Amino acid sequence: MNRTYNKLAFLSFSASLFLMGCGSTSLVSTPVENIDTVPLKISELTDYEKKHWGHLDLIRDTIPGMSVDRAYDEIIKNRKGKTIVVAVLDSGMDLEHEDIKNVLWTNTDEIPNNGKDDDGNGYVDDVHGYNFLGDAYNEQLEYVRMLRLNIGDASDRAKARLMLDEEYPKALQNKQQYEQIYQVVKGADKNVKEALGKDTFTKEDLLSIEAKTPQMEQSIAVLSQMFAYGDSISGVLSELEEGITYFADQVNYNLNKDFNGRTPVGDDPYDITDVPYGNGNPKNQVDTESHGTHVAGIIAAQRNNGKGVNGVAQNVEIMSIRAVPNGDEYDKDIALGIRYAVDNGASIINCSFGKAFSPEAQWVYEAIAYAASRDVLIVHAAGNDGNDLDDPENPNYPNDHKFGNTEFVDNVITVGALASSYGSEMVATFSNYGKQNVDVFAPGDKIYSTMPNNDYEFQGGTSMAAPAVAGVAALIRSYYPNLSAPQIKNIIMQSGLKTKASVIVAGDETKATTFDKISKSGKMVNAYNALILADNISKGKMTLDSNSK
């Protein structure tokens, strides 16, 4: 799974919009053509801005959002659009979530829970999508599976052995250190609460204590340091628990060569003809299986219902396809998941996952080409390793280039992640990048969206940037259904905000470059601009620039 875990540090624009003149479209009365004067935002984001920043506008708010609110206010207004099916090829999804249940795709030709394939599509009881993982969830990383099963070519297995020898001890050590820190912080928290006679306390409360024993002096020192990582000690403890879980999963499942997570499914995952398998229920298995729910909410959480969040797109039905476990996805599941989405009416597929090894990559390449032949757009997350994907030492699957110099299809858009601070730190520290192999950047750091059990939470990753772009693509496809998947891809790329400002990539100040050099378009996705350009292309007033593809 293409995940990021923002570990606490416990372990030691010259720019222009792609807009035409005022007379080029009736949709916009005063287009902005230059953003040279946009100031850097110095003040802290408000709670509203933190939860909504991806929809805000760089000109109005000095926050590098996608101008979604502005697009609705000034362009969409009360316009009716075509309903678009967006497949979320991901982990399981909370199908009963208050902000998602009313925007689910429903296969009306299937009778629920009767154990039959009523519509003859090859999948039993697939009412809201399909579950290719069956009862499985925890999984190895692909390179660990390759070692366990002795598959893949010899050079890849040699790399895999080196990686496992390095990564497993590191994960075990991190788990142990997090557990130790957690116990120290938890003990200090208990001591201070008893001294204050309070269940909760602030940093000011903490500093008001007169330390009369070495133990209390140590507790105050520890907690004072912890307040640098959160507004409350309870929040810090939650972060530490998350870290323990993350590293425990690595030790027990992801990097455990002896673990076989596929057993409950019962198929041979390296035989694509071994079908059918799985079941028709793509719901999340456990509460911690939250990735697909979070992604779905970014795309299409029901808008303006007074609950939680607003998705980027309206007029969307979300098709849930459960194919991404707590570990690396199988090529077989991804290939068949893409084909399922295409065959059952999805016109956009969000793929917030990725991995560095793919022994059956050809199956996925063929599925991507099949989607292209059916005019289906695939939106893919660039990955969370802080890597330059143009470097052949940083392979990333799936992709649309097969590690050659040209793309073999034109229906895949690969998305890097932005942070909310416009300026040198606006590229998320975890985001992959690449002048040739990443197409655009979009909001992906600390994104507030839906979580299982009618909950909402912040998560970060290119996994969050991809669905933001899938939402923009759905808006374009809804209001301009005559446009093809390649046209939509290139509209999104060409209509973004461009800057040559210096930025830091991978959170490393020694890797400063200019924003226009870290993606093919050199741009930040902008829904407002994209709809303007889509209108012009749809009406034949403009043609797309073939040089920017």
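Predicted model: local features only at pLDDT ≥ 70, side-chain atom pairs only at ≥ 80, totals over all residues.
**Aromatic pairs**

A pair of aromatic rings is described by the distance of the centres and the angle of the planes. The model holds 17 aromatic pairs. One of them joins Tyr-130 and Phe-132, with ring centres 5.0 Å apart and planes at 70 degrees. Planes over 60 degrees apart count as edge-to-face, so this pair is edge-to-face. Tyr-130 and Phe-132 are both buried.

Phe-201 and Phe-227 also pair edge-to-face, because their planes stand at 75 degrees, with the ring centres 6.3 Å apart. Phe-201 sits in the loop between helix H5 (154–196) and helix H6 (203–207). Phe-227 sits in the loop between helix H7 (214–226) and helix H8 (233–254). The pair therefore ties together parts that are 26 residues apart in sequence. Phe-201 is buried at 10% relative accessibility. Phe-227 is buried as well, with a relative accessible area of 12%.

**Charges over rings**

| Charged residue | Ring | Distance from ring centre |
|---|---|---|
| Arg-70 | Tyr-528 | 4.0 Å |
| Arg-339 | Tyr-370 | 4.9 Å |

**Around helix H3**

Arg-70 belongs to helix H3 (residues 68–76) and is one of its buried residues. What covers them? The cover includes helix H2 (58–61), helix H12 (462–479) and helix H14 (527–538). Lys-77 follows H3, and its phi is positive, near 50 degrees.

**H4 against H5**

Two packed helices are described by the angle between their axes and the distance between the axes. Helix H4 (residues 142–149) packs on H5 at an angle of about 115 degrees, and the axes are 9 Å apart. H4 and H5 are therefore roughly perpendicular to each other. The crossing of H4 past H5 is left-handed. H4 makes the contact through Tyr-143, Val-144, Met-146 and Leu-147. On the H5 side, the contact residues include Asp-156, Arg-157, Ala-160 and Arg-161. Met-163, Leu-164 and Glu-167 of H5 take part too.

Asn-150 lies in the loop between H4 and H5. Its phi is near 60 degrees, a positive value in a residue other than glycine. Is Asn-150 buried or exposed? At 54% relative accessibility, Asn-150 counts as exposed.

**Backbone features elsewhere**

Ala-506 has a positive phi as well, near 60 degrees, and is not a glycine. Ala-506 is found in the loop between strand S12 (502–505) and strand S13 (508–514). At 23% relative accessibility, Ala-506 is partly exposed.

Where are cis peptide bonds found? One joins Val-275 and Pro-276, with omega about -5 degrees. Pro-276 is in the loop between H8 and helix H9 (291–300). Another joins Tyr-397 and Pro-398, with omega about -10 degrees. Pro-398 is in the loop between strand S6 (377–381) and strand S7 (412–418).

His-52 is part of helix H1 (residues 47–52). At 14% relative accessibility, His-52 counts as buried. How many residues along the chain separate His-52 from Val-309? The count is 257, while their C-alpha atoms are separated by 8.0 Å.

Notes:
Residues numbered from 1 in each chain as written. Heavy atoms only, no water. Phe/Tyr/Trp six-rings, centres within 6.5 Å; stacked < 30°, edge-to-face > 60°. Buried < 20%, exposed > 50% of the residue type's maximum accessible area, 1.4 Å probe, protein only. Helix = DSSP H or I, 4+ residues; strand = E, 2+ residues; numbered from the N terminus. Lys NZ or Arg CZ within 6 Å of the ring centre and 35° of its normal. Contact = heavy atoms within 4.5 Å. Axes fitted to C-alpha atoms, helices over the stretch in contact; angles between N-to-C directions. Parallel < 35°, antiparallel > 145°, perpendicular 65-115°, else oblique. Left-handed = near helix turned anticlockwise from the far one by under 90°.
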